[in-house]
Each structure stands twice: as structure tokens, then as C-alpha cells.
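Dear colleague,

I am passing on a structure that I would like you to look through before we talk.

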Amino acid sequence: MSALDVREVNFDGLVGPTHNYSGLAVGNVASMSHGGLVSNPKEGALQGLLKMKSLMDAGYAQGVLPPQQRPDIGALRDLGFSGSNSEVLARAAREAPQLLRAVCSASSMWTANAGTITPSMDAPDSRVHFTPANLQSSFHRYLEPQTTGRVLQAIFRDEQHFAHHPVLPATPAFSDEGAANHTRLCGEHGEPGVHLLVYGRQAFGDVRSGERAPKRYPARQTLEASQAVARQHGLTEAQTVFAQQHPDAIDAGVFHNDVIAVGNGPVLLYHEMAFLDEEGTLDELRAKMATPLIPVRVPLEAVSMEDAVASYLFNSQLLSNPDGTMTLVVPGECQEREAVWRTIQDYLLAGNNPISEVIVKDVKQSMRNGGGPACLRLRVVLTDAERAALTGRVLLTDGLYDDLTAWVNRHYRDRLAPDDLADPQLAEESLAALDELTLLLKIGAVYPFQLGYRG
């Protein structure tokens with residue numbers, strides 16, 4: 001297999017019709033601070049599509065993943081609410097408004113949490129491996145994995161090329177947040193890689209020497225979950241590095257590793273506070289990688305934890321260019337923080353590393369809920385044959401972009417307050433939009449309402 005036959009495809013999540021600001025994510029500072037504000041689902045979806053289109057136009061491979069069925073009325077029925085759909089929504093709004101907000105969350109737009117992917121060149125059976133994340137640490141995200149699994153199996157259907165694994169047990173011991181805590185480092189995408197799996201806490205056994213826990217916010221990823229996914233995918237000790245996220249970073253609002261570090265090829269761009277054992281992590285990566293690691297360390301004195309979390313500098317996309325350079329795609333908030341923008345210009349671009357270009361993207365609707373450019377995409381390394389084996393119309397083209405833009409303009413509201421979530425018309429609008437979307441993407445029936453489930 002030639003490295004030239006392999007490309008990394010970024011599958012971005014479409015922002016769903018019920019995109020709202022409910023402040024559901026504990027430990028996510030942006031989500032909590034914007035809770036209760038009025039959102040604009042149409043603007044959010046169009047911002048996401050525009051980011052996808054601009055990267056496609058620049059020559060990067062770009063895919064699309066659909067949102068979840070929301071509101072999840074079936075989940076409310078499971079929790080004891082009964083009657084017609086409108087009666088269920090009205091009762092939930094009266095008796096448990098936080099539950100209603102949870103079942104309306106559009107958090108699946110952040111497909112970095114959809115699952116963990118191992119490309120075929122790293123797997124013992126030479127297939128691409130998928131494990132949907134259980135997302136058990138928060139109720140609104142715990143509702144996602146079953147539909148996520150159906151979506152991934154619908155798109156990556158060919159068993160000759162793709163292997164799908166069950167979601168890990170949805171218990172605190174196996175808390176799994178997907179690719180947001182996973183980085184693959186290598187020479188080029190088609191070469192064998194080393195998988196950096198970052199966890200926040202250990203669930204079983206004696207606590208490792210020197211291991212500490214966050215005190216303010218929960219650690220969402222366990223070591224045991226990361227190890228289990230690696231076993232599912234057939235990854236060996238020589239292919240994996242397990243590193244603990246710095247607990248002080250979690251307490252500062254770094255709820256996933258992709259809020260404090262981003263890797264691509266041999267480059268690891270990270271903040272000084274990313275890993276509890278920084279030197280040990282780097283040393284193990286260097287020992288296991290076939291290509292020399294290029295660490296790009298941003299010190300605390302250059303970018304404070306507050307600035308790192310507010311700007312989402314490290315929740316940026318780091319993309320490979322044909323000439324060996326890399327492009328960093330950052331959210332607009334990076335320009336609003338003087339120390340962050342100065343670091344980008346004077347340290348990253350002027351430094352001895354492959355980063356040669358910075359592109360700024362407006363994804364404010366997502367950012368206000370705590371998700372930047374890196375949260376919005378699931379990275380899947382595919383060969384030419386694997387790309388040809390995809391089912392559906394999910395790789396972005398000019399035609400698909402135009403169709404999706406028109407679809408958003410037909411179906412999405414431009415204003416949504418938390419109180420609007422009880423509107424039964426919103427539920428009907430969302431189902432109509434999703435039904436049309438599955439036809440547009442040609443992925444078949446993936447939603448509960450299409451499969452005859454309650455809801």
C-alpha cells in the first residue's frame with residue numbers, strides 16, 4: 001500500500017435542528033456559561049457547512065455525518081412520561097425541564113466523540129475498526145451511541161474493509177468519550193502509527209504511583225476504557241501510549257484531551273499542562289514511533305489555562321499539505337485573545353515546525369456550547385479502496401453542499417430558546433428534516449422513528 005493511496009477524511013457532524021443552549025455539560029466552561037441563551041440552529045448548521053466547504057475547496061477530504069433524532073421522546077417515555085408526544089413534552093417541561101433539555105441536545109454535532117477509529121494499516125486484519133463511544137458521563141450524550149453505531153455501520157458497511165465493535169459497558173469504570181481523547185501519530189497517514197490514548201482517571205486496582213484526580217470537575221475518560229478499545233482494535237503495546245491528562249487542566253475546564261492538545265502526522269501541538277507526566281509521555285512516544293516526534297509545546301507563560309479554554313486554540317484542526325507543511329484551522333475566538341493570537345503568529349508560525357498557515361473559521365454557534373473545529377470532526381484514515389467502498393452520499397462535493405444548504409434553509413429555525421423545546425411542532429419539524437436527510441445522504445433508515453421504535 002502506497003502512502004499516496006491514503007487520505008485522512010474529516011467527517012463533520014451536521015448541527016441538528018434542536019441546537020440550543022441548555023448548559024448541560026458539567027466541566028465544559030463555555031457550555032455552562034452560555035446556558036439559557038437563545039440559539040440560532042440555522043446559523044449553526046450553515047457555519048458548520050461553510051467550514052466543511054472551505055476545507056473541501058482547499059483540497060482536504062471532507063465527509064458529513066447526520067445529527068441524532070431529537071427530541072428523544074422515547075427516552076422520556078422510558079423515564080415514565082406517557083401520553084401523546086405533545087403531552088409527553090408538556091409534562092416533561094413542567095415536571096423535569098432539565099430532562100427535556102437533555103433529550104433535545106444537539107451535542108452529536110461534535111463527532112470527535114462519536115467513537116474511536118483505527119485505520120487499516122494499524123489493524124492486524126487490515127480493516128478499519130470502529131467503536132462508538134458510550135458517553136456515559138452525561139445523560140444527554142448517553143442517548144447517542146445506538147444511533148451513532150447504526151450511522152457508522154450504514155456508511156462503513158462493507159465487511160471486507162470495515163469492522164464494527166460494540167459500545168463499551170455504560171458504567172463509570174468504562175467511561176469512554178471517543179476520539180476526543182485519542183490521537184494517532186505517524187510519519188504520513190498511510191504509514192503505521194502510534195496511538196496516544198489519554199485518560200483522566202483509573203477505575204480499577206491500585207492507583208498508579210503519582211496519579212492524581214481532579215477536584216472540581218469529573219474526569220470523563222478512564223484508563224480501562226482506553227485499554228478496552230485498544231484491545232478491541234487489536235492494537236499492541238508497541239502501538240499504544242496511555243497517558244493521564246493533567247487533573248489541574250480538567251479542573252480548568254479541559255474536559256477532553258482535544259481541548260489541550262492536537263496531533264497530526266509526527267506533530268503533537270500541546271499545552272504545558274496537557275499531561276500529568278509530560279516528559280514520560282513524550283519519551284514513550286519517541287521510543288515507539290518510527291518517525292521522529294515533533295513536539296510543539298506551548299508554555300503556560302505564553303497562554304494561560306483561561307485563555308486556552310476560552311479560545312480553544314488546541315481544539316483546532318491540524319491538516320497535512322502535499323508539500324509537507326501543515327495548516328492549523330482555529331476558531332475566531334483565537335483572534336479575540338491577544339496572548340493566543342500573538343502565540344500563533346510569533347511562536348507557532350515562526351517556530352521550527354511544519355505549521356505554515358493558520359485559517360480562522362467562525363463556528364460561534366458551536367463554540368458557545370463548548371465545541372470548536374476539532375470537536376466538529378471525526379478523523380477517518382482511508383485508502384482509495386476503502387473510500388470507494390463507502391455507502392451513501394457522504395463525501396462532500398459542491399452538489400452535496402448546495403443540497404445540504406438548501407435543506408437547512410428549508411427546515412431549520414433561526415431562533416430557539418430553551419422554553420421552545422416543549423413545542424410539539426419543533427419535534428415534527430425535526431423528524432421531517434431527518435427523514436429527508438437520510439434520503440439526501442442515501443444512507444437508509446438509521447433513526448428510531450424510521451425503524452418503528454417508540455418515540
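How many bridges join strand 1 to strand 15, and do these strands run parallel or antiparallel? There are 7 bridges between strand 1 and strand 15, and the two run antiparallel. Before the rest, two notes on the source. This is a predicted model, in which local features need pLDDT of at least 70 and side-chain atom pairs count only at pLDDT 80 or more, whereas totals for chains, interfaces and linings use all residues. Residues are numbered from 1 along each chain as its sequence is written, and side-chain values use heavy atoms, with hydrogens and water left out.

Strands (E, at least two residues) and helices (H or I, at least four) are DSSP runs numbered from the N terminus, and two strands pair if DSSP finds at least two bridges between them.

Another region to view is an open sheet of 3 strands in the order 12-13-14, with mixed pairing. Strand 12 (317–320) and strand 14 (355–361) stand at its edges with a single partner strand each, so one side of each is left without a neighbour in the sheet. Neighbouring strands of this sheet are turned by 25° against each other on average, direction ignored; axes are lines fitted to C-alpha atoms, for helices over the stretch in contact, and angles run from 0 to 180 degrees between N-to-C directions. Strand 13 (residues 326–331) runs parallel to strand 14 and is joined to it by 6 bridges, one of the pairs being Val329 with Ile359 of strand 14.

Helix 2 (residues 41–57) packs on this sheet and touches strand 12, strand 13 and strand 14, its direction making about 20° with that of strand 12. Helix 13 (residues 338–348) packs on the sheet as well, where it touches strand 13 and strand 14 and makes about 160° with the direction of strand 14. Contact in these notes means heavy atoms within 4.5 Å. Lys53 belongs to helix 2 and counts as buried, at 16% relative accessibility; leaving aside its neighbours within four places in sequence, Lys53 is in contact with Leu396, Asp398 and Tyr401.

The largest cavity

A search of the whole structure finds 8 cavities of 30 Å³ or more. A cavity is a set of points, on a 1 Å grid over the protein atoms alone, where a 1.4 Å probe fits but cannot get out, and lining residues have an atom within 4 Å of a point; grid points are joined across faces, edges and corners, and a volume is the space filled by probe spheres set on the points. The largest cavity holds about 320 Å³ of space. It is lined by 25 residues, of which Glu8, His182, Thr183, Arg184 and Arg379 are the closest to its centre. Strand 15 gives the largest share of that lining, with 5 residues.

Loops and backbone details

Gly392 is found in the loop between helix 15 (384–388) and helix 16 (398–411), and is partly exposed, with a relative accessible area of 37%. Apart from neighbours within four places in sequence, Gly392 is in contact with Leu441, Lys442 and Ile443. Of these, Lys442 lies in the segment after helix 17 (424–441), has a positive phi of about 60° although it is not a glycine, and is exposed, with a relative accessible area of 58%.

Leu135 also has a positive phi, near 50°, but this residue counts as buried, at 2% relative accessibility. Finally, the peptide bond from Arg70 to Pro71 is cis, with omega near 0°, and Pro71 lies in the loop between strand 2 (62–65) and helix 3 (73–78).

With best wishes

How values were computed: Buried < 20%, exposed > 50% of the residue type's maximum accessible area, 1.4 Å probe, protein only. 1 Å grid on protein atoms, 1.4 Å probe; cavity = no way out; pocket = protein on both sides within 12 Å on 5 of 7 lines; lining within 4 Å.
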